[in-house]
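Good morning, everyone, and thank you for making the time. I would like to walk you through one structure, beginning with the place where its chains touch and then turning to some individual residues.

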Amino acid sequence: MEHWVDACAVNDIEEEDTIRFDHAGQSFAIYRLEDDRYFATGGFCTHENVHLADGLVMGRIIECPKHNGRFDIPTGQAKGAPACINLRTFGVKVEEGRVFINLG
Amino acid sequence: MQTTPDPGIVIIGAGEAGTRAALTLREKHYAGPITLLGAESHLPYERPPLSKTVQTAPEPPAPTLIGGAGTLAAQNISYRAGNTATRIDRASQEVHLRDGTALRYSRLLLATGARPRTLPLPGAEQNGVLYLRSFGDAMALRNRLAPGLRLAVIGGGFIGLEMAASALERGCDVTVVEMAPRILGRAVPAQIAALVAAEHRAAGITIIEGIGLTAIEQRPNGCAVILADGRELEADAIIAGIGAIPETALAEAAGLPVENGIRVDGRLATEDPLIFAAGDCCSFPHPVFSGRRLRLEAWRNAQDQGRHAAGSLLGETAAFATVPWFWSDQHGSTLQISGLPDEGNQTVTRDIDGMPFLFHLRDGCLVGASAFGPIGKVARDIRLAEMLIESGASPDPAALANPSVKLKTFLQPRAAVA
């Protein structure tokens, strides 16, 4: 099932960066990579309750701002201690300058 | 060809460093026996929550296990709880245990950690001064905290201040006494320490700086901390966070050099090529800071050194060169430091919407960065500064001071990220 939600404008996120998006009691991190691809994951680090939108995007890796747990943005895969549980990922599409994420 | 079976790797100490080393050995495909010796009865757990969420969680918490429950068994790591090592026999490559048995090792890692320095004052022991190191200590403290409790915190370092913030959240009436002229010591720049002190005071914590203590005395309802100027600070409970002493006794008894910690080289090897040390217990030379010998008491360092030691145990030759990084949470703000601010001889301030972000330079070379504020304004730039310090960068001070210049632009060439 598809359920697309308008998250932000494409230019709300700087290149190689991330912002927080909250919707219906859930929190997400929306990413823009250097090549202008957009991705979305669950907002909180799977290691501790810290928001990933406060973290650093390097290439396709997001690093948790507190403990440097690392995740691969496109797949959500945990890449480094102390993070060992993968992030949930969500489909993303860009239409008319807006970024939509699929919560279906 | 006949080969002697590998007796395996023994790790003494199941804190962050020792446990990370064990897990990393398996990540690196070491297939021999690994024995992890823990002094406590719990499975290996993370210490950072002890002064924070363990104190403030509504329900009594369980330890946060390193790597999650079941990890050690799944990785075929033999964990022995509550069975401490009593002696290392280097000639026979054996560790003797309290239960009278001995373990042979092919390589040995000492990750023995540190213990709290006790308060050297008359009356401290009799009046039940509390300390924080283990989960048990943390639960004992948690069980004392209650609304209206008068808590005296001796020592304005990371642990003392975090405990103060947590106790305040639990409704206690908190006073911090720091004997030095200011809280947080020389590891934290004075400007940042002043911001931290201001936040604590604004939250309702009393901080007394620059005054000595002479005794702890019993009172009809509680006790009193006697200050050097004769003032008395009445308290129902006292916690001391006045530093830690590295656990070096086993190494010393085995004849290994100790110099404010078990002395290791850049690979984290002791003088005995089969024995290594990592974490709070070891003193090591740091190549980024001209080989300055450091001993760090920090979660991240323990984790990084544990991982590095695993490589060295397996014969890797790289030197440990990770730039130090500390963080501390207080009242919802975060203090983060990368590098060694006290190595600097010039400070450049970047104003990020009113929050000072400090860069510390030594002869133009970036050696540290520090800030205190909301994690979203602090963490990324501290992390980028860490990468710049590691690369030996000498960024233009005017550009560092300019908040519109992104730190990422200084990273040339871009750091490779796996």
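The contact between the two chains draws 24 residues from chain B and 24 residues from chain A, where contact means heavy atoms within 4.5 Å. Please keep in mind that this is a predicted model, in which local features need pLDDT of at least 70 and side-chain atom pairs count only at pLDDT 80 or more, while totals for chains, interfaces and linings use all residues. Residues are numbered from 1 along each chain as its sequence is written, chains are lettered from A and ligands numbered from 1 in the order in which they are written, and side-chain values use heavy atoms, with hydrogens and water left out.

The size of an interface is often given as the accessible area lost when the parts come together. Here the area buried between chain B and chain A is about 2100 Å², with carbon and sulfur atoms giving 51% of it; buried area is the accessible area (1.4 Å probe) that two parts lose on being put together, summed over both.

How many salt bridges does the rule find across the interface of chain B and chain A? There are five, a salt bridge being a side-chain nitrogen of Lys or Arg within 4 Å of a carboxyl oxygen of Asp or Glu. One of the salt bridges joins the side chains of Arg383(B) and Glu63(A), at 2.3 Å from N to O.

On the side of chain B that touches chain A, the elements giving two or more residues are helix H8 (299-313), strand S21 (325-330) and helix H9 (375-390) of chain B. Helices (H or I, at least four residues) and strands (E, at least two) are DSSP runs, numbered from the N terminus. The largest share, seven residues, comes from H9(B).

Buried means under 20% relative accessible area, exposed over 50%, and partly exposed in between (1.4 Å probe, protein chains only).

Elsewhere in chain B, Glu162(B) forms a salt bridge with Lys52(B), with the closest N and O atoms 3.6 Å apart. Glu162(B) lies in helix H5 (residues 158-169) and Lys52(B) in the loop between strand S2 (34-38) and helix H2 (53-56) of chain B, so the pair ties together parts that are 110 residues apart in sequence. Both Glu162(B) and Lys52(B) are buried.

Let me now move to chain A, which has zero helices and ten strands. Buried residues make up 55% of its 104 residues, and its C-alpha trace spans about 40 × 30 × 20 Å along the principal axes.

Within chain A, Arg32(A) has its place in strand S3 and counts as buried at 11% relative accessibility. Its side chain reaches the backbone oxygen of Val10(A) at 3.5 Å, and it also makes a polar contact with the side chain of Asp36(A) at 2.7 Å.

Leu33(A) lies in the loop between strand S3 (26-32) and strand S4 (38-42) of chain A. Is Leu33(A) buried or exposed? At 3% relative accessibility, Leu33(A) counts as buried. Leaving aside neighbours within four places in sequence, Leu33(A) is in contact with several residues, among them Phe39(A), Val57(A) and Ile73(A).

Notes
A polar contact is a pair of N or O atoms within 3.5 Å; within protein, one must be able to donate a hydrogen and the other to accept it, and residues adjacent in sequence count only if both atoms are side-chain atoms.
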